[in-house]
Amino acid sequence: MTPPPVPGAAVTQFAVLDALLAGAYESGLRVAEARSIGDFGLGCVNHLGGEVVILDGEAIECTLDGPPLAMDDDDILPFAIVCRFPEVPRVGLGEQDFAGFAASVEDALTSRNLFHAVRFDGVLSEVRVRVTPRQHHPFPRLAEVTSHQVETVARDIRGTVVGFWTPAIYQGIAVAGLHLHFLSEDRSIGGHVLDLAAHSGDLHLAAFARFDLAPAHRRAVPPHRTHPRRRPSHRRSRGRCSGIRQGTVLTPNPVRGPARISSVVSRNRSSRYVREASPSGRAGRSQPRRARRPTSSPCRR
Ligand SMILES: [Zn+2]
């Protein structure tokens, strides 16, 4: 069982899930504010343009523009849940599918009435993550957005699963049960976890007796963040050669010329990462495809 909660420590959430489901994808808190409150958590990018992992004090965005990238302090999070992860004993995990992983988490809960931060560091036999495309006014509901989400599958990949287990009574405010995001150790892939199978690694669970909720409030978005973020050219170049990409959005390199899908696929094979084949049978996708959710997934959004 996970140790009792650290006195005074809290899980803090900004915005409520139902607002996000209804289309509240802009305004929120600055990344700097989230990082001042916690060093661990998850969220989504402004205009729902990707998924966010907050790990060891760093906020990383997983978007369709390229590999996961550290966010700026002025970037906006329309939804985020964060905490300061305390020292807790590890629980060693072996081969487990998603249902087994969820059962391992629930076995280790301090109480089903408390919020728990969930961290798994290790190797995943398989992980399926999704990233949502950036939305424009008028915002559709999240259910419609996720019908166009881009999913990527990686196998035999080392990384960290970041998330929370939330008591059932909070559904609607938060995601009841498990809500997990993933970031690979080499930062080639990340996103909202739809399915996973653990190979081996360490599970850490931290219980929190306090839940602080900060409902969404309108906040002016800095002018330089009203348009999709432009990546520095050196990051675009690095991303083009780093293997796994979200979907097949390849950014031409102004020096080396246009990216080639074949080189990425080849790299994936050598790295033992496998992008899920498209319905046509080709590795990789040039267009987002309809979402397929595993029935065993405890994630609700
Ligand atoms: Zn998520």
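Analyst: Let us begin with one term: a residue is called buried if its relative accessible area is under 20%, and exposed if that area is over 50%. Please keep in mind throughout that this is a predicted model.

User: Why is Glu 51 called buried?

Analyst: The relative accessible area of Glu 51 is 1%, and the limit for buried is under 20%, so Glu 51 counts as buried. Glu 51 belongs to strand β4, and its side chain is joined to that of Arg 130 by a polar contact of 2.8 Å.

User: What makes that pair of Glu 51 and Arg 130 a polar contact?

Analyst: A polar contact needs a pair of N or O atoms within 3.5 Å, one able to donate a hydrogen and the other to accept it; the side chains of Glu 51 and Arg 130 are joined at 2.8 Å.

User: How do you know whether Thr 160 is buried or exposed?

Analyst: Thr 160, which lies in strand β11, has a relative accessibility of 9%, and therefore it counts as buried. The side chain of Thr 160 also makes a polar contact of 2.8 Å with that of Asp 121. Once neighbours within four places in sequence are set aside, the residues in contact with Thr 160 include Phe 120, His 181 and Leu 183.

User: What makes His 179, His 181 and His 192 the residues that coordinate the zinc ion?

Analyst: A donor must be an N, O or S atom within 2.8 Å of the metal. NE2 of His 179, NE2 of His 181 and ND1 of His 192 coordinate the zinc ion at 2.0 to 2.2 Å. Along the sequence these donor residues follow the spacing H-x1-H-x10-H, and both His 179 and His 181 are buried. Water is not among the atoms, and a site may therefore look incomplete.

User: How do you know that the buried residues of helix α3 line one face?

Analyst: Helix α3 covers residues 98-107, and its buried residues are Phe 98, Phe 101, Ala 102, Ser 104 and Val 105. Viewed down the axis of α3, these buried residues fall within an arc of 155°, so they line one face of the helix. As background, an α-helix has 3.6 residues a turn, so residues three or four places apart point the same way. The buried residues of α3 pack against the strands β9, β10, β11, β12 and β13. At the start of α3, a side-chain oxygen of Asp 97 comes to within 3.2 Å of the backbone nitrogen of Ala 99.

User: Why are Phe 40 and Phe 164 called an edge-to-face pair?

Analyst: Two aromatic rings pair if their centres lie within 6.5 Å, and planes over 60 degrees apart count as edge-to-face. For Phe 40 and Phe 164 the centres are 5.9 Å apart and the planes stand at 70°, which is edge-to-face. Phe 40 lies in strand β3 and Phe 164 in strand β11, so the pair ties together parts that are 124 residues apart in sequence.

User: What makes Phe 101 and Phe 120 an edge-to-face pair?

Analyst: Their ring centres are 5.7 Å apart and their planes meet at 90°, so this pair is edge-to-face. Phe 101 lies in helix α3 and Phe 120 in strand β10, so the pair ties together parts that are 19 residues apart in sequence. Phe 101 is buried, with a relative accessible area of 0%, and Phe 120 is likewise counted as buried at 0% relative accessibility.

User: What makes a group of residues a nonpolar core, and how many residues has the largest?

Analyst: A nonpolar core is a set of buried residues of kinds such as Ala, Val, Leu and Phe, joined through side-chain atoms within 4.5 Å. The largest one has 28 residues, and those with the most contacts inside it include Val 11, Tyr 25, Leu 48 and Phe 164. Among the elements that give two or more residues to this core are β3, β10, α4 and β11. Apart from it lies another core of 25 residues, among them Phe 98, Leu 109, Ala 154 and Phe 182.

Methods:
Residues are numbered from 1 along each chain as its sequence is written. This is a predicted model: local features need pLDDT of at least 70, side-chain atom pairs count only at pLDDT 80 or more; totals for chains, interfaces and linings use all residues. Side-chain values use heavy atoms; hydrogens and water are left out. Donors are N, O and S atoms within 2.8 Å of the metal (3.2 Å for Na, K and Ca); water is not among the atoms, so sites may look incomplete. Buried means under 20% relative accessible area, exposed over 50%, partly exposed in between (1.4 Å probe, protein chains only). Helices (H or I, at least four residues) and strands (E, at least two) are DSSP runs, numbered from the N terminus. The arc is that of the directions from the helix axis to the C-beta atoms. Contact means heavy atoms within 4.5 Å. Rings of Phe, Tyr and Trp (its six-membered ring) pair if their centres lie within 6.5 Å; planes under 30 degrees apart count as stacked, over 60 as edge-to-face and the rest as tilted.
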